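Please look over the structure below. The questions and answers that follow go through it step by step.

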Protein chains: 2
Amino acid sequence: MTQQPQHPFDRALVLDHSDLRAGLFTGTTSPDYWNMIGPFGGTTAAVALQAVLRHPDLLGTPIALTVNYAAALEAGAFDVQATPARTNRSTQHWTVQITQAGAEGAPHVTTTATVVTAARRETWGTTDLAMPEVPAPEAVERVTIGPRGVAWIGQYEMRPVSGGIPARWDGGGEHSETRLWVRDATPRPLDFPALAAMSDLFYPRVWLRRATPVPAGTVSITTYFHVGMDELAEVGTGHLFARATGQQFRNGFFDQTAQLWSRAGVLLATSSQIVYFKE
Amino acid sequence: MTQQPQHPFDRALVLDHSDLRAGLFTGTTSPDYWNMIGPFGGTTAAVALQAVLRHPDLLGTPIALTVNYAAALEAGAFDVQATPARTNRSTQHWTVQITQAGAEGAPHVTTTATVVTAARRETWGTTDLAMPEVPAPEAVERVTIGPRGVAWIGQYEMRPVSGGIPARWDGGGEHSETRLWVRDATPRPLDFPALAAMSDLFYPRVWLRRATPVPAGTVSITTYFHVGMDELAEVGTGHLFARATGQQFRNGFFDQTAQLWSRAGVLLATSSQIVYFKE
C-alpha cells in the first residue's frame, strides 16, 4: 500500500498495482469528490488518465483524452486497466477500462476511455481562441453553492464571472454560457489529471439554459491538452479561467464546449462533452 | 460475400463477417476514398461506426463517436472488432478496434474507437449555435482542388463560402475558419456513417492559418450526433452547411471544432479533432 497523500485530489488518484507493466491498477472512490449518485466525473476522467501516466511504457505527455461514462461507479474499490494499443515513434495510443465487481461478483465495465500521448516538439504556434477580457479573480466573489450531498464542489474555489447557477428556477434561461475563475480549494500545483478533472466542472448547461434543474449527467467527454510540463509548472497553484457553453439541446442530449486558460492567457485545454438530460 | 453496392461510399463501408454476434468484421480500404498515405480518415471513422451499426445487439442510434488514428491503414484488407462494453436501459457503450496484419503477419492496431448509442426520447430542445447566414449553395462555386493523388476529395461536392484552400502559399494566413456547402458528389441519402465522414472533410486548419502546406494529420476526432433517423431522412441528398475553425496551435498539435447543419438550419452534428502538424 502506498502512503496516503495529503491533498484530497492526490488521495482520489491513488492507484495500487501488483504488476506495474501489466497496466492493471486498483483504486477506491473518493468521498471528497462525491457527486449525487457516484464520483464526480472529473475525478473518474483523472483516474483513467492517471493509470496511463503511471504505466512504465508511457511515451510523452497527454494530447487527447476521451472518457465514456457507461455507469455510475459505486462507492468502494475499482480496477483500472490501461493498455498501450499502439506505440509509434512520437505518439502512443491507449485504451482504458474501469471495472467494478457487480452484485454477483462478475466485474462490469463502468468506464471506457482512450488516451493519446505524444513527445511534443517545439513548432510554430498561435491561438485563434483568445481569453475573454474579464475582471481579475480577486475582484470576483467566491461561491460555494451546490446541491446537498455533493462534496466535490467544495474541493474547488470557484468565482463565476457570469453564468452562475440560477438563483431562481423560473424557466427563464436565455443562454448557456458560464465563465469563471477556478482552482483547487486547497492549493495544488496544476498537472494533467487536474486539467482533465477541471474540464468537467461545469454544472449542466441545460440547467442554465432553461433555469430548470432537470436530471442530467455527462455521457462522454473529450479533452485536448495544449501544453507540456513546463507550461503547467508556470501555472502552479494559480487560477484558471474556464468557459463553457452549450451548443445543441435535442431529444435527451446536449453538447457543450469548454476552454481552460491560465491566468496569463495561455489556452491550456479545450474540451467537449455530450450530456444526457430528462424531459 | 455481399454483392458490391453501387455508391462508392457504400462500397467503402462493406463489412463481411463469419459470426455477426461476435462483432468481428472484415473490410477493404477503398481506392475511391484514398488520401495521401492512407484512406481518408472520415471513411475510417465511418467504418468504425458501421461495425457498431451492423451489430445485432445494437441499442438505438449513435450519440457520440471518438476515433483515434493510431497508424495509417495500408491498402487492402482490415479487421474491425466492435464490442458492446456495457448496455444500459437506454444507452449502450461500445469499443472498436481496427487491425491489419503486419509485415510479420502479427495483427497490429491501426485505429481505436469508442461509440455511445442511445434510444432517444422526445424532450425539450433548442440550439445555442445557429447556422450562419450564407448564400444558397446554388450561388456558390463548386471547387475540386486538391493535392495530386488524393481521390476522396472528388467524392464530395464542395462549395466553399469562405476559407477555401489558399490560392497562394505565401505565409499570410490570418484566421482558420472554413465555411462550405457539401454533399456527396454522387447523390446518397444522408446516414450516420456519412455524417461521421463529413465531420472530417476539412483540410488542415494549419494550412489556412499559415498559408503554408506543412505535413499534418488527424490524431483523434470526436463527433456528437444530434438527430435521429427521421431528421436524417428529411435531409435526404440535400446540401449540408459545414463550418470548421482552429482553436489552439502549439508544439506539433492543433485542435479544431466543426459543425454540420442541414440546409434547413438543423444542427445535425458537432465535432472536434486534434491534429498533428510539423514545423
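Q: Which residue of S9(B) is the bridge partner of B:Arg159?
A: This is a predicted model, in which local features need pLDDT of at least 70, side-chain atom pairs count only at pLDDT 80 or more, and totals for chains, interfaces and linings use all residues. Residues are numbered from 1 along each chain as its sequence is written, chains are lettered from A and ligands numbered from 1 in the order in which they are written, and side-chain values use heavy atoms, with hydrogens and water left out. Strands here are DSSP runs of E with at least two residues, numbered from the N terminus. In S9(B), B:Arg159 has as its bridge partner B:Trp181.

Q: How many bridges join strand S8 of chain B to S9(B)?
A: Two strands pair if DSSP finds at least two bridges between them. Strand S8 of chain B covers residues 156-162 and runs antiparallel to S9(B). The number of bridges joining them is 6.

Q: Which residue of S11(B) is the bridge partner of B:Val182?
A: S9(B) is also joined to S11(B), by 6 bridges and in the antiparallel sense. In S11(B), the partner of B:Val182 is B:Leu240.

Q: How many of the 8 residues of strand S9 of chain B are buried?
A: Buried means under 20% relative accessible area, exposed over 50%, and partly exposed in between (1.4 Å probe, protein chains only). Strand S9 of chain B spans residues 177-184 and is largely enclosed by the rest of the structure, because the number of its 8 residues that are buried is 6.

Q: What is the relative accessible area of B:Ser262?
A: B:Ser262 lies in strand S12 of chain B. Leaving aside neighbours within four places in sequence, B:Ser262 is in contact (heavy atoms within 4.5 Å) with residues including B:Leu240 and B:Met131. B:Ser262 is buried, and its relative accessible area is 5%.

Q: Is B:Asn251 buried or exposed?
A: B:Asn251 lies in the loop between S11 and strand S12 (253-262) of chain B. Its phi is near 45°, a positive value in a residue other than glycine. At 19% relative accessibility, B:Asn251 counts as buried.

Q: What is the relative accessible area of A:Asn251?
A: In chain A, the loop between strand S11 (240-250) and strand S12 (253-262) holds A:Asn251. Phi of A:Asn251 is near 45°, a positive value in a residue other than glycine. A:Asn251 is buried, with a relative accessible area of 18%.

Q: Which residue of S11(B) is the bridge partner of A:Thr127?
A: Strand S7 of chain A (residues 126-127) pairs with strand S11 of chain B (residues 240-250). The two run in the antiparallel sense over 2 bridges. In S11(B), A:Thr127 has as its partner B:Gln248.

Q: What is the relative accessible area of B:Thr126?
A: B:Thr126 is found in strand S7 (residues 126-127) of chain B. Not counting residues up to four places away in sequence, B:Thr126 touches A:Arg209, A:Gln247, A:Gln248 and A:Phe249. B:Thr126 is partly exposed, at 24%.

Q: Which residue of chain B meets A:Arg209 in a salt bridge?
A: A salt bridge is a side-chain nitrogen of Lys or Arg within 4 Å of a carboxyl oxygen of Asp or Glu. Across the interface of chain B and chain A the rule finds 4 salt bridges. In one of them, at 2.7 Å from N to O, the side chain of A:Arg209 meets that of B:Asp128.

Q: What area is buried between chain B and chain A?
A: Buried area is the accessible area (1.4 Å probe) that two parts lose on being put together, summed over both. In chain B, 61 residues are in contact with 61 residues of chain A. Carbon and sulfur atoms give 55% of the buried area, which is about 5300 Å².

Terms used. Helix = DSSP H or I, 4+ residues; strand = E, 2+ residues; numbered from the N terminus.
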